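Please keep the structure open while you read them.

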Amino acid sequence: MTTVDAKEQWLADWSQRYKKDTTRCTRCLYDEDTPAITFDADGVCNYCQMHDSLAWQPPDVDWELVEMVKKRLGLTDAQFEEHMTQPVKTYKDFKTHKRLFERLRPLFWLLSRADLIPRSFYLKYTSKKNI
Ligand SMILES: [Zn+2]
C-alpha cells in the first residue's frame, strides 16, 4: 500500500473510527489511530503542539528589495512609510457584485441545480453570511 493509498484509506475509515471509544486530542479531531501521534498530559496531540510552535513571527525583510521597489516606484522614504502604515483594506472596502448576487440568490440556486454554475459559487457569493 502506498502512502497515498494509506492516507485515503485512513480518511475513508474516519467515520468508523470516530464512533469508536478512543483517545482523542482534546483540541482537534485526531485520535490514537492517527499515524505517529502522541498525547501530552493534558491530552493535546503532538500535531497541535507542532502547530503552536509554528506561531506567527514577523517576516524577514530583504531591505535591498525594499530599496529597489522604492526606487522603481519613485517613492521617497516618507511616501513609502505612508503607504506601509495605511489602514489595512479588505474586500469589503471595494465595490463588488456581492449584494446583487445575494438578491439574485434564487436564480443562482436554479443555475446551480442545473449545473450551469458551480455549487461553490452559489454558496459563497449568494450567502448573506460572510463565509
Ligand atoms: Zn490535536
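1. A word on terms before the layout: domain bounds come from an automatic or database domain assignment. On that basis the protein chain falls into domain 1 (3–53), domain 2 (58–87) and domain 3 (91–125). Between the C-alpha centres of domain 1 and domain 2 there is a distance of 44 Å.

2. Some ground rules for reading on. This is a predicted model, in which local features need pLDDT of at least 70 and side-chain atom pairs count only at pLDDT 80 or more, while totals for chains, interfaces and linings use all residues. Residues are numbered from 1 along each chain as its sequence is written.

3. How confident is the prediction in the protein chain? With pLDDT being the predictor's confidence in each residue, from 0 to 100, the mean for the protein chain is 88, and 93% of its residues reach 70 or more. Confidence is lowest in α2, with a mean of 72, and highest in α7, at 96.

4. On secondary structure, helices (H or I, at least four residues) and strands (E, at least two) are DSSP runs, numbered from the N terminus. The protein chain has 8 helices and 0 strands, and its elements follow the order α-α-α-α-α-α-α-α from the N terminus on. The protein chain is more spread out than a compact globule, because its radius of gyration is 24 Å, well over the 14 Å that the globule rule gives for 131 residues. Here the radius is taken over C-alpha atoms, and the rule is 2.2 Å times the number of residues to the power 0.38.

5. Along the principal axes, the C-alpha atoms of the protein chain fill a box of roughly 60 × 50 × 30 Å. A residue is buried if 20 or more other C-beta atoms lie within 10 Å of its own, exposed if 12 or fewer, and partly exposed in between, with C-beta atoms placed from the backbone. Of the 131 residues of the protein chain, 3% count as buried.

6. Now contacts: two residues are in contact if their C-beta atoms, placed from the backbone, lie within 7 Å. Among contacts in the protein chain with a separation of 6 or more, 10% are between residues 24 or more positions apart.

7. Please look at the loop between α2 (14–19) and α3 (46–53), where A36 is found. A36 is not a glycine, yet has a positive phi of about 60°. A36 is exposed, since 6 other C-beta atoms lie within 10 Å. T26 is found in the loop between α2 and α3 too, and T26 counts as exposed with 12 C-beta neighbours inside 10 Å. Which residues does T26 contact, leaving aside its neighbours within four places in sequence? They are D42, G43 and V44. The C-alpha atoms of T26 and D42 are separated by 7.6 Å, with the two residues 16 apart along the chain.

8. D115 also deserves a look, in the loop between α7 (105–113) and α8 (119–126). D115 has a positive phi of about 60° although it is not a glycine, and D115 is exposed, with 8 other C-beta atoms within 10 Å.

9. In helix α8 you will find Y122, which is partly exposed, with 19 other C-beta atoms within 10 Å. Not counting residues up to four places away in sequence, Y122 touches F108, W109, S112 and I117. By contrast, the C-alpha atoms of Y122 and A41, 81 residues apart along the chain, are separated by 45 Å.

10. Lastly, L73 lies in helix α4 (residues 63–73) and counts as exposed, with 10 C-beta neighbours inside 10 Å. L73 and E102 are 29 residues apart along the chain, and their C-alpha atoms are separated by 39 Å.
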